[in-house]
Amino acid sequence: MPSTDAPTPETLLPDELLAAFRERAAGYDRDNRFFDEDFAELVRIGYPLMLVPREHGGLGFTLQQAVAAQRRLASAAPATALGINMHHVLVGVAHTLRLRGDGRAEGIFRQAAAGEIFAFGISEAGNDAVLFDAATTAVAEGEGYRVTGTKIFTSLSPVWTRLIVHARDDADAGAPLVFGFVDRDADGIEVLDDWDTLGMRASQSRTTVLRSVRMRPEQVLTRTPAEPNPDPVVWGIFGCFELLLAAVYTGIADRAVELAAELARTRRSRGADAPRAEHPDVRWQIAEAAILRDGLELQLRQLSADVDALGSGRAPEHGPRWFLLFSGVKHRATETARQVVDLALRTAGGAQYSRGRELERLYRDVLAGIYHPSDSESVHAVAARALLGPVGG
């Protein structure tokens, strides 16, 4: 159980615990295995309860604190952080609902406090509209639904107990998209053993097939139009997903900068008979990596603080720009982290190109960022539309 003393990201994840995660990460990657030991340790310290209020038995973190913790975890074990991220996204939705005074938060908090592990069943092959449309179908059954479809990139596949899904019910032309939870033990759920990827291997983000799976009435969260909209549940999913994802990739950048500096200090140049850390090109590239990383930190802190201010007199008036800001910070984090890891590799020497070296693994892990929504194309399309209007409009 969590301590009665209020923890911080640093006390929740002390250096010695991060060292143990970092040591196991290479084995999970090599064996293409889920992070079972990491997961057990995270449960032991109450990590899945970060965003659950203290009155519900949680740690009572703000979103800004959760972002900091995920960044810290990712610096040691990126795939572990990416996997548990999806649980935090859903508890984060409850956090944003609570800030708005929305009672739907309480059910999510109660389930998380009872030990349920949430996963993210939104991504579908070929569905570039992501949250704003679905290929999965929903057929009304009383006040609930029967859901049929295939969800990809379902992180935490070995351990999740509640899966949030969205599906399309065309019987309601005005609000055809249904968002809600399904239970792991419901009839009609098949989790495929199909995760064998270039990077982020320990996340085990397998495909989940839904065949007429029951979504009970109390599991329905919301219905929305099949288009961008400010529904609080959709808003919360979008915002928490993008911010927590950005935290993971910023954590990768943190570790890449740290490794680059360590290696530069310990390697010597035979020609100059001096540490590599004294070579001007090496110094410039490591400095550039750190400067790029530092910009991410400030953006993450501010935007997560803006979310935490919801419902208060400090709440910013971002209006429709919220979605642009969320997708923008994710885009900058994933693209910048790729640049940072690349710069670190350039300074680290050819040994880091060998399989099993930490920078080699970070290089493969960081590439996953280009596939998470919002991708580069959609970010630029939305920004261009906001600035220039629709094409042909």
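1. Contacts of S205. This is a predicted model. Beyond its neighbours within four places in sequence, S205 is in contact with F153, T154, S155, S157 and W195. Look for S205 in the loop between strand 6 (189–191) and strand 7 (206–215).

2. Burial and polar contacts of S205. S205 counts as buried because its relative accessible area is 4%, under the 20% cut-off. Its side chain takes part in two polar contacts worth checking. One joins the side chains of S205 and S155, at 2.6 Å. The other runs from the side chain of S205 to the side chain of S203, at 2.8 Å. S155 is also among the residues listed above as in contact with S205.

3. F153. This residue belongs to strand 3 (residues 144–154). Its phi is positive, about 55°, although F153 is not a glycine. Most residues other than glycine have a negative phi. F153 is partly exposed, with a relative accessible area of 44%. It is one of the residues in contact with S205.

4. M200. Here, too, the backbone deserves a look. M200 is not a glycine, yet its phi is positive, about 50°. It sits in the loop between strand 6 and strand 7. S205 lies in the loop between those strands as well. Is M200 buried or exposed? M200 is buried, with a relative accessible area of 1%.

5. The peptide bond between P373 and S374. This bond is cis, with omega about 0°. Most peptide bonds are trans. S374 is in the loop between helix 10 and helix 11 (376–388).

6. Helix 7 and helix 10: geometry. Two packed helices are described by the angle between their axes and the distance between the axes. Helix 7 covers residues 232–266 and helix 10 covers residues 358–366. Their axes come within 11 Å and cross at roughly 155°. Helix 7 is therefore roughly antiparallel to helix 10, as the angle is over 145 degrees. The crossing is left-handed.

7. Helix 7 and helix 10: residues. Which residues of helix 7 make the contact? They are Y249, I252, R255, A256, L259 and L263. Helix 10 contributes E358, L359, L362, D365 and V366. By class, the contact has eight nonpolar, no polar and three charged residues.

Terms used
Residues numbered from 1 in each chain as written. Predicted model: local features only at pLDDT ≥ 70, side-chain atom pairs only at ≥ 80, totals over all residues. Heavy atoms only, no water. Helix = DSSP H or I, 4+ residues; strand = E, 2+ residues; numbered from the N terminus. Buried < 20%, exposed > 50% of the residue type's maximum accessible area, 1.4 Å probe, protein only. Polar contact = N/O pair within 3.5 Å; in protein donor to acceptor, adjacent residues only side chain to side chain. Contact = heavy atoms within 4.5 Å. Axes fitted to C-alpha atoms, helices over the stretch in contact; angles between N-to-C directions. Parallel < 35°, antiparallel > 145°, perpendicular 65-115°, else oblique. Left-handed = near helix turned anticlockwise from the far one by under 90°. Nonpolar A, V, L, I, M, F, W, Y, C, P; charged D, E, K, R; others polar.
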